[in-house]
Amino acid sequence: MALMTARRVWIWLHRWTGLTLGLLLTAAALLGALMTVLRPLDEAMHPELFRAPVAAATASGSAPVGPVTQASATPLETLRRRVADEFGPKSTMTIRPPREPGESLRVMVRGPAWEGTLYLDPVTVAELGRRGEAEGLANLVFELHSALLLGDTGKAVLAFTALAYLALLVTGLVLWWPTTAAQWRHAFGLKLDKGTTRGLFDLHRFGGAVLGLLLAVTVASGAWMAWRPIGGWLNALVGEAAPKPPQVGKDHGERRPLDAIVAEAQAAWPDGRVGFVQLGAADTRPVRIRFKLPGDPHPNGLSSVWAHPVDGHVLARQRRDELDLAGRSTAWIYPLHAGELFGVAHRAITGVLGLVLFGMGVTGTWLWWRRRR
């Protein structure tokens, strides 16, 4: 009797978690699967934004392709001034240098009046185009998948939903788990010729049992990426603390071009690739130059140099392996969730797992509806 009562409780938890929070994560899973296709498709359909004709011509032989400061002028300093003039001094900017010959230079702007991305020629700094944060299908799907278009509130909702979905996977595994030898013989059986409802029931059960661990990794990594406090909890558990950006002193001195600041940071790690150059909204925040060093799995790199925003002297350096536990974990969790660890094959697997999660939500809802009828 106690076993039957416990099973009813597990069924009730599984059913209503899936029919409430599970449906939200089902939609997020479908959007995530779409992202694996939409990103490369977007780049192929809009080469005027993602490719730079001048840079491509330079790479073909007229001049060598160097680091981000390759032009004879100072393109990054010109860019910094242009963004400040157009979007106001309260705007922040994140520069993504080209990572291969022919790529455009991209600048993510966050300000009171506009948030979006500028696409520029990395040599001439001529604007190739711009997009708002949720403009274009790929950007819109990404914003819905990562934050539901609700900013930090949406990220917290998705993280809570993902954690609840982990409980859904656990309850499903408990309900599926065979207890006798005869049940084990039929545990992985699929009877797809016994009608739609029976076929969907077997697919729902089989998908959760066989792919449950991979689905759990996908869901848990999504929760990790969506909500920063989870990393803080992990640090608190092991007694570590996330590093804080260094303070900027009041003595600014003479302003140095941003290109010179980045070049000095690059000299510290000549074998590293500049992933991002991040500038705050005022000269009271340091410039952060992120590097992808050899052996770093994160596609953007997590090793950092912090420099004074005006005179450019180095305030601090930190390699990825010197980060706190949450930071070191993110170096693997982010590319694992985004499908960036093993090339196209990993991206394809990520897309398939997203579709499986979506299918679990659809089949579960169908089964509940048929039972209700």
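Let me begin with Trp269 and its surroundings in this predicted model: leaving aside neighbours within four places in sequence, Trp269 is in contact with Phe291, Leu293, Ser303, Ser304, Val305, Arg317, Gln318 and Arg319. This tryptophan is found in the loop between α11, residues 258-268, and β5, residues 273-279. Is Trp269 buried or exposed? Its relative accessible area is 10%, which is under the 20% cut-off, and therefore Trp269 counts as buried.

Phe291, which Trp269 touches, takes us to the largest nonpolar core, which has 26 residues, and in which Leu79, Ile95, Val107, Leu258, Val277, Ile289 and Phe291 touch the most other members. Among the elements that give two or more residues to this core are helices α5 and α11, together with strands including β1, β5, β6 and β7. If we take Val277 from that list, and do not count residues up to four places away in sequence, we find that it touches Met93, Thr94, Ile95, Leu258, Val262, Val287, Arg288 and Ile289. Apart from this core lies another, of 18 residues, among them Leu158, Ala223, Ala326 and Leu353.

Finally, a word on confidence: the mean pLDDT of the chain is 88, and 93% of its residues reach 70 or more. Where is confidence lowest, and where is it highest? It is lowest in helix α4, residues 53-62, at a mean of 48, and highest in strand β6, residues 287-292, at 97. Over residues 55-72 the pLDDT is below 50, although this stretch has 22 contacts in the model beyond near neighbours in sequence. Where pLDDT is low, the predicted coordinates should not be read in detail.

Key:
Residues are numbered from 1 along each chain as its sequence is written. This is a predicted model: local features need pLDDT of at least 70, side-chain atom pairs count only at pLDDT 80 or more; totals for chains, interfaces and linings use all residues. Side-chain values use heavy atoms; hydrogens and water are left out. pLDDT is the predictor's confidence in each residue, from 0 to 100. Helices (H or I, at least four residues) and strands (E, at least two) are DSSP runs, numbered from the N terminus. Contact means heavy atoms within 4.5 Å. Buried means under 20% relative accessible area, exposed over 50%, partly exposed in between (1.4 Å probe, protein chains only). A nonpolar core is a set of buried Ala, Val, Leu, Ile, Met, Phe, Trp, Tyr and Cys residues joined through side-chain atoms within 4.5 Å.
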